[in-house]
Amino acid sequence: MFGVIRRRVASGSPSHLFLGQSVQNFRSDPSVAARVSSIVEKQIAFHSGECGNVRSLCHISSGSWIKSKPMREVFRQEATMQTWRRPFSSDNGDSVDVVVPPLAESISDGTLAKFLKRPGDRVNIDEPIAQIETDKVTIDVSSPESGVILKLLVNEGDTVEPGNKIAIISRSADATTHVAPSETTPEKAAPQPTQKISEEKKAPKAETSPVTEKPKATPAPQSSHSEPQLPPKERERRVPMTRLRKRVATRLKDSQNTFALLTTFNEVDMTNLMKLRADYKDAFVEKHGVKLGLMSGFIKAAVNALQYQPIVNAVIDGDDIIYRDYIDISVAVGTSKGLVVPVIRNADTMSFAEIEKQINTYAKKATNGTLSIDEMAGGTLTISNGGVYGSLLSTPIINPPQSAILGMHSIVSRPMVVGGNVVPRPMMYVALTYDHRIIDGREAVFFLRRIKDIVEDPRRLLLDI
């Protein structure tokens with residue numbers, strides 16, 4: 001019996017994988033032993049390279065039982081671990097397929113933006129080797145094993161779906177001696193067949209064009225769709241839009257087509273908030289380990305204004321209005337790849353320090369492109385600070401499915417009348433774009449006026465007045 005088990009395990013014969021079931025409650029008589037042998041032969045099998053030598057099964061004596069613990073001792077610990085790995089191994093056990101991980105529930109595919117590694121490069125386990133760009137975020141594809149990249153199966157710019165193979169990794173290849181020389185020659189030789197094929201394709205077209213000119217008039221419209229509408233000019237170049245830019249463009253246009261957009265403006269005297277920041281910035285950093293900015297003051301003011309005007313926190317859904325009893329503030333962050341809007345959850349329960357820490361975390365992730373989809377989902381109100389780029393005034397566009405967006409702008413010293421005297425004051429224009437289908441002008445003006453009152457006198461937050 002033990003000899004049969006050794007031969008079955010060593011041969012790696014294909015069979016259904018059996019690990020989770022326990023072999024128990026078998027009496028040790030010849031008939032039961034034969035049945036155990038049959039079960040083990042039929043159900044215990046590993047792929048080649050994934051199973052160790054059989055050390056001991058268990059002692060079968062009169063009145064004893066075959067227990068699951070000795071059964072697990074049949075195989076090496078490494079073999080047990082490999083059974084729980086992701087199914088990347090090929091048939092020979094040396095090559096590993098790198099596949100696209102699950103993206104998100106609402107995202108079915110993505111664009112392979114670039115490869116971080118090339119054929120012949122050595123990679124470690126969980127080391128990023130490629131980046132996939134989706135409609136919302138950029139996702140890293142990590143290596144499932146340590147080894148050397150043998151081959152890239154897709155090209156940069158191709159559309160990939162979860163489960164698609166994008167590369168092959170060898171566990172035993174040598175990056176300096178085996179893979180690099182073998183990959184350099186195919187790379188140089190690869191363009192030659194493609195060029196020949198392209199020439200061959202062109203040749204038949206040239207030959208058949210005079211004969212089959214009318215039947216082949218149908219492919220012409222298909223190629224015209226991919227051609228630029230305008231004739232090319234000198235010193236112009238055409239670059240495909242990224243998926244993130246496409247998504248942003250689609251959502252902004254949908255916002256204009258769906259919402260009844262209207263914008264109201266006001267101006268805010270930043271004197272008291274800037275003085276509060278200047279007086280306590282050192283103590284704030286010493287205690288909380290983060291700088292005190294102006295954004296946290298506006299977020300706290302927006303939270304208070306939403307509590308006074310809950311209709312701004314609501315949204316239209318079909319023929320109904322959904323009132324949300326929570327406040328999640330979205331903060332628009334501009335990056336080199338496009339606009340991202342991470343969400344500060346439950347902002348009404350957070351302090352100034354907690355808000356500043358969350359903003360700093362999101363800013364770093366947005367710069368590095370590591371924001372997750374969950375961190376950008378939802379939100380009840382968006383705050384966009386165009387003032388960091390020097391914008392004096394703008395009309396922001398609502399971020400669906402919200403009903404309003406608050407726009408901050410640059411702080412400019414302007415002459416203002418205070419107490420009958422003209423004095424210079426640091427002033428900021430603020431704008432509120434809202435969906436006029438659900439929010440009336442009265443509520444919008446009251447909402448923006450409430451933000452103005454709190455920013456100009458932050459003591460209102462302490463007294464709740």
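This dialogue goes through a few features of the structure above.

Biologist: What kind of model is this, and how are residues numbered?

Modeller: This is a predicted model, in which local features need pLDDT of at least 70, side-chain atom pairs count only at pLDDT 80 or more, and totals for chains, interfaces and linings use all residues. Residues are numbered from 1 along each chain as its sequence is written, and side-chain values use heavy atoms, with hydrogens and water left out.

Biologist: Is histidine 409 buried or exposed?

Modeller: Buried means under 20% relative accessible area, exposed over 50%, and partly exposed in between, with a 1.4 Å probe and protein chains only. Histidine 409 has 1% relative accessibility and therefore counts as buried, whereas leucine 392, at 44%, counts as partly exposed.

Biologist: Which polar contact joins the side chain of histidine 409 to another side chain?

Modeller: A polar contact is a pair of N or O atoms within 3.5 Å; within protein, one must be able to donate a hydrogen and the other to accept it, and residues adjacent in sequence count only if both atoms are side-chain atoms. Here the partner is the side chain of serine 394, at 2.7 Å, and the side chain of histidine 409 also reaches the backbone oxygen of tyrosine 429 at 2.7 Å.

Biologist: Where does leucine 392 lie?

Modeller: Helices (H or I, at least four residues) and strands (E, at least two) are DSSP runs, numbered from the N terminus. Leucine 392 lies in the loop that runs between strand E16 (381-385) and strand E17 (404-408), while histidine 409 is found in the loop between E17 and strand E18 (411-418).
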